[in-house]
Amino acid sequence: MEPSNLNKEQDQNSWALNAWTLLSKLRDQSPLIQCITNFVSMDLMANTLLSAGASPAMIHSIEEIQDFTPHIHALCINVGTLSPAWLPAMREAALVADKAGKPWILDPVAAGASRFRLKACLELVGLKPSVIRGNGSEIIALSKASLGATKGVDSSHESMDAMEAAKSLAQSSGAIVAVSGAVDIITDGHRVVGVHNGVSMMQKITATGCAVTALIAAFVAVDPLHALEATASALSIFGIAGEMGMDMAKGPASLRMHLIDSLYNLDQAAVSSRLKVSSL
Ligand SMILES: Nc1ncnc2c1ncn2[C@@H]1O[C@H](COP(=O)(O)OP(=O)(O)OP(=O)(O)O)[C@@H](O)[C@H]1O
Ligand SMILES: Cc1ncsc1CCO
Ligand SMILES: [Mg+2]
């Protein structure tokens with residue numbers, strides 16, 4: 001084998017081992033993940049976290065944050081069905097999590113769809129999320145701080161179109177930035193990693209992006225000092241569950257069910273043989 005191919009294979013093996021180790025830790029530790037999320041995603045997000053081994057809590061009232069948030073292991077904030085009443089609770093939870101040293105992850109759903117949403121997302125970016133995960137259009141809007149040609153919550157860009165936007169957002173915010181798509185891109189502003197798992201039918205199930213953001217929160221909860229690796233691992237594990245689910249599915253509705261079952265049943269052999277991560 002060519003030395004460069006040998007290096008790639010060793011790299012792949014070490015990514016697979018790391019992803020499996022993190023999933024095993026998650027199953028052992030069952031981290032408590034607070035989710036302040038949109039009405040559409042609550043069910044899929046909670047079930048994704050449960051099937052991976054984490055403990056979800058959809059607690060979003062501002063009255064509960066001072067008591068509850070210090071006890072969590074990570075926080076996921078998703079602006080999907082944002083209204084002015086929700087924003088103070090999001091701010092407060094991000095501040096309390098940060099003060100308690102708990103990682104928090106931002107999903108800037110449809111960031112470029114309106115001025116209200118963009119301003120809210122930019123303000124949340126300023127509250128030091130560990131990771132920002134969006135689709136191509138969301139990351140481009142956030143990085144340029146401008147409204148975009150929008151299809152609402154769906155992306156009108158390929159993830160690769162958002163490569164430079166992702167790097168620049170990571171550098172300006174200090175967060176790890178992940179862009180989902182056919183290839184998921186994960187960057188700290190310097191290093192860029194690509195995850196080549198998943199199936200395109202996942203885009204036909206609403207809130208798969210929201211669900212994988214929450215899964216990233218759970219992975220970062222068990223390895224907070226390596227947020228880039230934890231983020232890439234979560235995206236590859238979710239993608240592998242999608243691939244295995246697709247082998248049994250007849251369409252989006254049954255894929256949703258089989259994806260959750262595959263995530264729950266995932267073993268080391270499947271992770272080792274299917275995981276595809278590369279440096280970009
Ligand atoms: N073409 C594709 N091929 C393989 N996997 C894909 C493809 N597009 C998206 N995915 C996977 O589907 C999941 C959701 O990504 P997507 O980019 O659709 O998020 P999103 O637009 O934020 O979704 P939502 O807003 O509905 O939550 C990710 O795990 C991603 O890797
Ligand atoms: C469809 C939809 N609308 C607002 S949030 C959401 C879920 C996917 O992001
Ligand atoms: Mg989304």
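Author: Helix α2 (residues 42–52) lies across β1 (32–36) and β2, and runs at about 160 degrees to β2. The model is predicted, with local features needing pLDDT of at least 70 and side-chain atom pairs pLDDT 80 or more, while totals for chains, interfaces and linings use all residues. Residues are numbered from 1 along each chain as its sequence is written, and chains are lettered from A and ligands numbered from 1 in the order in which they are written.

Reader: Which strands does α8 touch, and what angle does its direction make with that of β3?

Author: Helix α8 packs on the sheet against β1, β3, β4, β5 (131–135) and β6 (176–180), and its direction makes about 160 degrees with that of β3. Such angles run from 0 to 180 degrees between N-to-C directions, and axes are lines fitted to C-alpha atoms, for helices over the stretch in contact. Contact requires C-beta atoms, placed from the backbone, within 7 Å.

Reader: In what order do the strands form the open sheet?

Author: Nine strands run in the order β2-β1-β3-β4-β5-β6-β7-β8-β9, with mixed pairing.

Reader: Why are β2 and β9 said to stand at the edges?

Author: Strands β2 (55–57) and β9 (277–279) each have a single partner strand, so one side of each has no neighbour in the sheet. From one strand to the next, the twist averages 20 degrees.

Reader: How do you know that β3 and β4 pair, and in which direction do they run?

Author: Two strands pair if DSSP finds at least two bridges between them. Strand β3 (residues 74–78) and strand β4 (residues 104–107) are joined by four bridges and run parallel. Ile77 has Leu106 in β4 as its bridge partner.

Reader: What joins β7 to β8, and β8 to β9?

Author: Strand β7 (residues 184–187) and strand β8 (residues 192–195) pair over four bridges in the antiparallel sense, with Ile186 opposite Val193 in β8. The hairpin of β7 and β8 has four residues between the strands, and there Gly189 takes a positive phi near 100 degrees. Three bridges join β8 to β9, again antiparallel, and Val195 has Val277 in β9 as its bridge partner.

Reader: Why are α8 and α9 called oblique to each other?

Author: Helix α8 (residues 208–222) and helix α9 (residues 227–246) pack at about 135 degrees, with axes 8 Å apart. Angles under 35 degrees are roughly parallel, over 145 roughly antiparallel, 65 to 115 roughly perpendicular, and the rest oblique. The pair therefore counts as oblique.

Reader: Which hand does the crossing of α8 and α9 have?

Author: The crossing is right-handed. The word applies when the near helix is turned clockwise from the far one by less than a right angle, and left-handed when anticlockwise.

Reader: Which residues make the contact of α8 with α9?

Author: Val212, Leu215, Ile216, Phe219 and Val220 of α8 take part, as do residues of α9 including Ala227, Ala230, Thr231 and Phe238. By class, the contact has 10 nonpolar, two polar and no charged residues. Ala, Val, Leu, Ile, Met, Phe, Trp, Tyr, Cys and Pro count as nonpolar, Asp, Glu, Lys and Arg as charged, and the others, Gly among them, as polar.

Reader: What makes α9 oblique to α10?

Author: The angle between α9 and helix α10 (residues 252–265) is about 125 degrees, with axes 8 Å apart. That makes the pair oblique. Helix α9 passes α10 in a right-handed crossing.

Reader: Why are α6 and α7 oblique to each other?

Author: The axes of helix α6 (residues 136–144) and helix α7 (residues 163–173) cross at roughly 50 degrees and come within 9 Å. The two helices are therefore oblique. Helix α6 passes α7 in a left-handed crossing.

Reader: Which residues surround ligand 2?

Author: The residues are Asn38, Val40, Ser41, Gly80, Thr81, Val109, Val153, Thr206, Ala207 and Cys210. A residue is near a molecule or strand if its C-beta atom, placed from the backbone, lies within 6 Å of it. The shell has five nonpolar, five polar and no charged residues.

Reader: Which residues come nearest to ligand 1?

Author: Of the 23 residues around ligand 1, Ser180, Ala182, Gly198, Met202 and Gly209 come nearest. The elements giving two or more residues to this shell are α8 and α9, and α8 gives the most, with four. By class, the shell around ligand 1 has 10 nonpolar, 11 polar and two charged residues.

Note on methods:
Two residues are in contact if their C-beta atoms, placed from the backbone, lie within 7 Å.
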